[in-house]
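Please open the structure in your viewer and keep the selection tool at hand. The tour below moves from one selection to the next and says what is there.

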Amino acid sequence: MDPIRNPYAPGAGQRPPELAGRDREVEQFDVVLERIAKNRPERSLVLTGLRGVGKTVLLNALRSQAIGRLWGTGKIEARPDQTLRRPVAAALHMALRELAPRHRDPERIEYVLSVVKAFALRDVPAAKNAPRWQPGIDVPAARGRADSGDIEIDLTELFTDAASVGADLGVGIALFVDEMQDVPPADLSALCAACHELSQTGAPLIIVGAGLPHLPMLLSSSKSYSERLFRYHRIDRLDRSSADHALTAPAAREDVAFTPEALDALYDAADGYPYFIQAYGKVTWDTAPTTPITTEDVKVAAPDAEAELAVGFFGSRYERATPAEREYMRAMALLGDGPVATAEVATSLGRRPSSLSPARDSLIKKGLVYAAERGSVAFTVPHFGHFLRSQPS
């Protein structure tokens with residue numbers, strides 16, 4: 001069939017043609033936006049799940065909802081080697097620019113922007129001789145507000161002042177944080193403290209975070225009350241009906257159909273994971289000569305889809321690992337696809353657990369594995385164990 005009309009989109013964070021299976025999260029976020037706009041108490045949100053389940057896509061969809069409600073929004077992608085000051089300042093600058101045209105007091109906007117600038121200028125350069133970053137805010141930095149150098153105090157003051165602009169307009173501000181597990185520990189603690197303070201005062205600013213499955217544990221470790229501070233949503237693979245809908249709805253708009261057997265084969269191959277559904281759907285479309293797409297088309301396309309995943313989805317991550325880290329992951333894969341005990345990994349390698357700690361910790365920092373629970377680890381990427389077992393020793 002015509003590859004130009006191919007509707008499937010297996011990209012990193014790229015919105016699929018049909019956002020299937022996420023109606024509950026979308027509807028609940030609508031309620032959150034409405035409640036906060038009416039001065040009702042609500043918690044910030046955290047989305048967690050493995051790679052490839054669509055967390056970033058859903059995060060972007062929720063942001064679009066907030067923009068549709070005329071909220072001010074900003075988005076950041078956390079990095080383990082970067083403090084929150086610069087990205088948060090840039091994100092709130094964007095949110096305030098969205099709200100400014102509707103605000104009747106330009107001086108009020110300028111003051112809050114001066115606070116954002118003061119907060120940003122406290123960012124410490126990574127290298128001694130590196131130039132200090134200058135935010136693109138054309139007002140003098142405020143003095144004595146969000147500039148103490150204590151990230152917890154400054155973040156609370158910054159959020160409070162930014163939220164007041166949303167309150168003036170009867171809306172709110174939403175800060176979207178992708179890869180939230182990579183926020184440095186001190187900054188994560190400060191983020192929790194600021195959210196806690198705002199929840200007590202009813203200020204209309206919320207955090208919507210997305211991260212790997214161990215993010216709730218990291219939040220709990222940073223502040224004990226974070227378990228009550230956020231509403232957690234586990235984003236997982238799609239059920240059968242949603243997976244079928246993700247394939248058939250965009251195809252139907254192009255007057256293309258699937259046989260029931262083809263949908264069976266695609267579900268078996270993709271296992272309900274949204275990224276895999278898009279990957280197999282795209283290659284199968286290009287392979288099929290005509291509609292309806294059959295199980296034979298899926299069989300012919302499957303090796304090409306698997307080859308693309310092996311390079312772009314699995315292989316790119318595998319290449320980031322050192323030989324010692326690859327040895328550790330291979331041992332994990334040979335023990336099974338679920339969480340495995342670190343002691344079992346050490347036993348299988350004939351090593352002491354303490355000698356493997358550097359490799360394990362480095363894999364966690366690289367986002368290849370996560371601490372599923374105390375004393376065990378698991379892959380952040382679905383089917384990664386199968387991929388490793390298929391590689392030559």
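**First stop: a loop lysine**

Select K223, which counts as buried because its relative accessibility is 18%, while the cut-off for buried is under 20%. The model you are looking at is predicted, and K223 is a place to begin in it, in the loop between α7 (215–222) and α8 (226–229). If you show the residues around K223, leaving aside those up to four places away in sequence, you will find that K223 touches E152, S189, C192 and A193.

The structure holds zero disulfides. C192 is accordingly in no disulfide, and the nearest cysteine sulfur, that of C195, is 6.8 Å away.

**An enclosed strand and its partners**

Next select strand β1, residues 44–48, where five of the five residues are buried, so the strand is largely enclosed by the rest of the structure. In a regular strand the side chains alternate between the two faces of the sheet. Turn the view until you can see that S44, V46 and T48 point one way from β1, whereas L45 and L47 point the other way.

Now bring in the strands that pair with β1. Strand β5, residues 230–234, runs parallel to β1 and is joined to it by five bridges, and within this pairing L45 stands opposite R231. Strand β4, residues 205–211, also runs parallel to β1, with four bridges between the two, and here the bridge partner of T48 is G211.

**A buried threonine**

Go to T73, whose place is in strand β2, residues 72–77. T73 counts as buried because its relative accessibility is 0%. Its side chain makes a polar contact, at 3.0 Å, with the side chain of R63. Apart from residues up to four places away in sequence, T73 touches a set of residues that includes I67, M94, E98 and F176.

**Helices that pack together**

Select helix α9, residues 240–252, which has 13 residues and reaches 18 Å from its first C-alpha to its last, close to the 18 Å expected. Follow α9 along to A246, where it bends by about 25 degrees, and notice that a proline, P250, follows within four residues. The buried residues of α9, among them S242, L247 and P250, pack against α10 (260–270) and α11 (274–287).

Continue to α11, whose end C-alpha atoms are 20 Å apart, which agrees with the 20 Å that its 14 residues should span. Helix α11 is mostly covered, since ten of its 14 residues are buried, including F276, Y280 and W285. The buried residues of α11 pack against α9, α10 and α12 (295–318).

**Backbone details in the loops**

Most residues other than glycine have a negative phi, and most peptide bonds are trans. With that in mind, select D271, in the loop between α10 and α11, where phi is near 60 degrees, a positive value in a residue other than glycine. D271 counts as partly exposed because its relative accessibility is 23%.

Then show the peptide bond between T291 and P292, which is cis, with omega at about 0 degrees; P292 is found in the loop between α11 and α12.

**Last stop: an open sheet**

Finally, select the three strands that form an open sheet in the order β6-β8-β7, with antiparallel pairing. Strands β6 (340–341) and β7 (369–373) stand at the edges, each with a single partner strand, so one side of each is left without a neighbour in the sheet. Strand β6 pairs with strand β8, residues 376–379, in the antiparallel sense over two bridges, and A341 stands opposite S376 in β8.

Beyond β8, in the loop between β8 and α16 (384–389), you will find H383, which has a positive phi of about 65 degrees although it is not a glycine. H383 is partly exposed, with a relative accessible area of 30%.

Definitions and conventions. Residues are numbered from 1 along each chain as its sequence is written. This is a predicted model: local features need pLDDT of at least 70, side-chain atom pairs count only at pLDDT 80 or more; totals for chains, interfaces and linings use all residues. Side-chain values use heavy atoms; hydrogens and water are left out. Buried means under 20% relative accessible area, exposed over 50%, partly exposed in between (1.4 Å probe, protein chains only). A polar contact is a pair of N or O atoms within 3.5 Å; within protein, one must be able to donate a hydrogen and the other to accept it, and residues adjacent in sequence count only if both atoms are side-chain atoms. Contact means heavy atoms within 4.5 Å. The expected span of a helix is 1.5 Å times one less than its number of residues. The bend at a residue is the angle between axes fitted to the seven residues ending there and the seven starting there. Two strands pair if DSSP finds at least two bridges between them. A disulfide is a pair of cysteine sulfur atoms within 2.5 Å.
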